[in-house]
Amino acid sequence: MRLSRYFLPILKETPKEAEIVSHRLMLRAGMIRQQAAGIYSWLPLGKRVLDKVCRIIREEQDRSGALEIMMPTIQSADLWRESGRYDDYGKEMLRIEDRHERELLFGPTNEEMVTDIFRSYVRSYKDLPLNLYHIQWKFRDEVRPRFGVMRSREFLMKDAYSFDIDYEASKTAYDRMFVAYLRTFERLGLQAIPMRADTGPIGGELSHEFIILASTGESAVFCHKDYLSLTTPGSEVDFSDAGQLASIVKTWTTPYAATEEMHDEAAWNALPENERVAARGIEVGHIFHFGTKYSEPMGAVVTGPYGKDVPVQMGSYGIGPSRLIAAIIEASHDENGIVWPRSVAPFEVGLVNMKPGDAQCDAICERLYAELEAAGMDVLYDDEDTRAGAKFATMDLIGVPFQVIVGPRGAAAGEAEIKVRADGSRFTLPVDGVVARLS
Ligand code: ATP
Ligand code: MG
Ligand code: MG
Ligand code: MG
């Protein structure tokens, strides 16, 4: 992408309305624009990051065996009456009436709808296990939308729903998602800690929130310091091996970890003081086993191995890609701007032409631009005739992991300079070596 043809509305001033750093930086870097309270447009730079985050989420969902579908944002109130949630959900639900006075709503989540899909087609336990997911916009009329896309009213969610014949099988479905989440967050460059979450009226212990530690987090969290050094399962995990999955989950749920609501003072106080981490946290994912809460009232039954109809055991598994982007920035920035992990960076390389119009600089930049793109890298080529200081400030602000700087002196010597955004280190190398070095 050539900067001269790009739409990158950088803000010079720090927006006053933004209380936390991720919100400030997303506005300043021209990633998002607020259209109404808690409702945002995603501008080109932001959209690129959102797509990369979703791609990683999708790859890990697919790897675990979940199947992608796409359900609509608008749902019928009748479906929610079947589960009894239409009245329970309260003011967070945006209720809509169409021209025929039919009651609709903008989906805050999709348990009812996916249960309806399931019951319409699946008849036998032989078709299980099944896990269906989608990545779709949700609307929740939050009392206090704030912090930009961290707590917005319209937000993106990946929500998956598992269907199994009995508790044991659904526990394995839960473990599958648990492990897929560990891998997803690691690939996003985040350290997310699974913490026991409240299961509410359903009971049981199968609910975890995945929490990123950050000073701006909305909830107080408590965990053992061992979490900070646990290894994440690699891509070789066998998602069909229930025992292997269960043992990974055990490792990741054994040390103490709880959010405020689930905090157990006695267990906490029993830990040596130097092993305790008390911090603030951001909820980026939440997984939940709820058994037959929806399948029973909605008649989602299958014929079991002995010919008897049983309601399916279900779970749901959410991740918020839009909130995640804010969380990544909270975890990874400095005084100059965002520091993207390479996996989600809008561009991996910022190619800086220090003197557009100079024949040698232009020739080298054009060549590097073509070669880096041909090598599969996303490149933002700053081909504009602006001050050096402004060029670097922009690249720093938008957090491009590597800057490749081509100036007249280096160009004459056949050299380029590379700046690594994460640690600010710089080194010079022959133009011929740039692509290999960054691949
Ligand atoms: P919170 O406690 O922050 O209100 P929640 O528990 O209501 O979140 P869930 O219903 O568990 O959220 O939804 C799954 C995921 O969707 C959350 O873990 C989060 O990543 C994301 N999410 C929920 N609400 C919002 C929101 N208002 N803005 C952005 N992302 C959200
Ligand atoms: Mg909420
Ligand atoms: Mg929550
Ligand atoms: Mg939650």
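Student: In which sense do β19 and β20 pair, and over how many bridges?

Tutor: Two strands pair if DSSP finds at least two bridges between them. Helices (H or I, at least four residues) and strands (E, at least two) are DSSP runs, numbered from the N terminus. Here β19 (residues 349-353) and β20 pair in the parallel sense, over 4 bridges. Gly350 has Leu380 of β20 as its bridge partner.

Student: On what basis is the model to be read?

Tutor: This is a predicted model, in which local features need pLDDT of at least 70 and side-chain atom pairs count only at pLDDT 80 or more, while totals for chains, interfaces and linings use all residues. Residues are numbered from 1 along each chain as its sequence is written, and chains are lettered from A and ligands numbered from 1 in the order in which they are written.

Student: Which way do the residues of β20 point, and are they buried or exposed?

Tutor: A residue is buried if 20 or more other C-beta atoms lie within 10 Å of its own, exposed if 12 or fewer, and partly exposed in between, with C-beta atoms placed from the backbone. In β20 (residues 379-382), Val379 and Tyr381 point one way, Leu380 and Asp382 point the other way, and all are buried.

Student: What is the strand order in the open sheet of 3 strands?

Tutor: The order is β4-β6-β5, with antiparallel pairing. β4 (74-76) and β5 (94-97) are the edge strands, each pairing on one side only. From one strand to the next the twist averages 40°; axes are lines fitted to C-alpha atoms, for helices over the stretch in contact, and angles run from 0 to 180 degrees between N-to-C directions. β4 pairs with β6 (residues 103-106) over 3 bridges, and Ile74 has Phe106 in β6 as its bridge partner.

Student: How is the span of helix α2 judged?

Tutor: The expected span of a helix is 1.5 Å times one less than its number of residues. For the 20 residues of α2 (residues 44-63) this gives 28 Å, and the end C-alpha atoms are 28 Å apart, which agrees. An α-helix has 3.6 residues a turn, so residues three or four places apart point the same way. Among the buried residues of α2 are Leu45, Val49, Lys52, Val53, Ile56 and Glu60. Just after α2, Gly65 takes a positive phi of about 100°.

Student: Where do residues other than glycine have a positive phi?

Tutor: Glu101, with phi near 60°, is one case. Glu101 lies in the loop between β5 and β6 and is exposed, because 6 other C-beta atoms lie within 10 Å. Phe147 also has a positive phi, of about 60°. Phe147 is placed in the loop between β7 and β8, yet counts as buried, with 21 C-beta neighbours inside 10 Å.

Student: Which peptide bond is cis?

Tutor: The bond from Leu128 to Pro129 is cis, with omega near 0°. Pro129 belongs to the loop between α5 (111-121) and β7 (130-139).
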